[in-house]
Amino acid sequence: MDLQTLQFFDGHQDALPLYEKFEHCVTDLVPDIKIKVQKTQISFYNRHLFSCVSFARIRKKKDCPDCYIVITFGLAHKVDSPRIDVATEPCPNRWTHHVLISDLSEIDGELMGWVNDAADFACRK
């Protein structure tokens, strides 16, 4: 784990295993990606940004677990699933989805399928 990533998780060390599993799954699934650690998110790129990890507040504080990450991905269509906390259409046919992850088991085939679709979508833009 590089220093920038460790600094990103400063104060959120308990969420680091969630990120590590997600990063491992993404790098296994999507070839030739770049990962950029920024102040508020860790971004995953192929041709374009297709997913990111953050600590964005997408639920009321009382509904948020103590340990979590938010995985964001973009698609050409809206995904209707109870797992999607927020979906917005910032411009026509571009949907941004936010999923709160608080357990390793939530980084599963369904989530990674969406992320893989987002990577394919980003390559076609």
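This is a predicted model: local features need pLDDT of at least 70, side-chain atom pairs count only at pLDDT 80 or more; totals for chains, interfaces and linings use all residues.

Biologist: Fine. How many aromatic pairs does the count come to?

Modeller: The count comes to 8 aromatic pairs. In one of them, the ring centres of Phe44 and Phe50 are 6.5 Å apart and the planes are at 50°, so this pair is tilted.

Biologist: Phe44 and Phe50, buried or exposed?

Modeller: Phe44 is buried, at 0% relative accessibility. Phe50 is buried as well, with a relative accessible area of 2%.

Biologist: And how are Phe73 and Trp114 arranged?

Modeller: Phe73 and Trp114 form a stacked aromatic pair, with 5.8 Å from centre to centre and 25° between the planes. The cut-off for stacked is planes under 30 degrees apart.

Biologist: Which elements do Phe73 and Trp114 lie in?

Modeller: Phe73 is in strand β4 (residues 69-75) and Trp114 is in helix α3 (residues 109-124), so the pair ties together parts 41 residues apart in sequence. Both Phe73 and Trp114 are buried.

Biologist: Which residues form the aromatic cluster?

Modeller: One aromatic cluster is formed by Phe8, Phe9, Tyr19, Phe22, Phe44, Phe50 and Phe55. The tilted pair of Phe44 and Phe50 therefore belongs to that cluster.

Biologist: Switching to cysteines. How many disulfides?

Modeller: The count comes to 0 disulfides.

Biologist: What about Cys123, how far is the closest cysteine sulfur?

Modeller: For Cys123 the closest cysteine sulfur is in Cys52, 17 Å away, which is too far for a bond. Cys123 is partly exposed, with a relative accessible area of 39%.

Biologist: OK, charges next. How many salt bridges?

Modeller: The count comes to 4 salt bridges. One of them joins the side chains of Asp63 and Lys62, at 3.6 Å from N to O. Lys62 counts as exposed, at 69% relative accessibility, while Asp63 counts as partly exposed, at 39%.

Biologist: Which residues are linked in a network of salt bridges?

Modeller: Arg83, Asp108 and Glu110 are linked in a network of salt bridges. The side chains of Asp108 and Arg83 meet at 2.9 Å, N to O. That pair links distant parts of the chain, 25 residues apart: Asp108 is in the loop between β6 (94-101) and α3, and Arg83 is in the loop between β4 and β5 (86-91).

Biologist: And the Arg83 to Glu110 bridge, what is the N to O distance?

Modeller: The salt bridge between Arg83 and Glu110 has an N to O distance of 2.8 Å. Arg83 is in the loop between β4 and β5 and Glu110 is in helix α3, so this pair ties together parts 27 residues apart in sequence.

Biologist: Now some single residues. Where is Ser54, and what does Ser54 touch?

Modeller: Ser54 is in strand β3 (residues 49-54), and its relative accessible area of 7% makes Ser54 buried. Leaving out residues up to four places away in sequence, Ser54 touches Phe8, Thr40, Gln41, Ile69 and Val70. The C-alpha atoms of Ser54 and Ile69 are separated by 5.8 Å, with the two residues 15 apart along the chain.

Biologist: And Thr5, buried or exposed?

Modeller: Thr5 is buried, with a relative accessible area of 1%. Thr5 lies in helix α1 and touches Tyr19, Val37 and Ile42, again leaving out residues up to four places away in sequence.

Biologist: Last one. Which residues form the nonpolar patch on the surface?

Modeller: Met1, Leu3 and Leu6 form a nonpolar patch on the surface, and together they have about 300 Å² of accessible area. Met1 is in the segment before α1 (3-8) and is partly exposed, with a relative accessible area of 48%.

Notes
Residues are numbered from 1 along each chain as its sequence is written. Side-chain values use heavy atoms; hydrogens and water are left out. Rings of Phe, Tyr and Trp (its six-membered ring) pair if their centres lie within 6.5 Å; planes under 30 degrees apart count as stacked, over 60 as edge-to-face and the rest as tilted. Buried means under 20% relative accessible area, exposed over 50%, partly exposed in between (1.4 Å probe, protein chains only). Helices (H or I, at least four residues) and strands (E, at least two) are DSSP runs, numbered from the N terminus. Patches are made of residues with over 30% relative accessible area and no salt bridge: like charges are joined within 9 Å, nonpolar side chains (Val, Leu, Ile, Met, Phe, Trp, Tyr) within 5 Å. Accessible areas come from the Shrake-Rupley method with a 1.4 Å probe; for residues, only the protein chains shown count as cover. A disulfide is a pair of cysteine sulfur atoms within 2.5 Å. Contact means heavy atoms within 4.5 Å.
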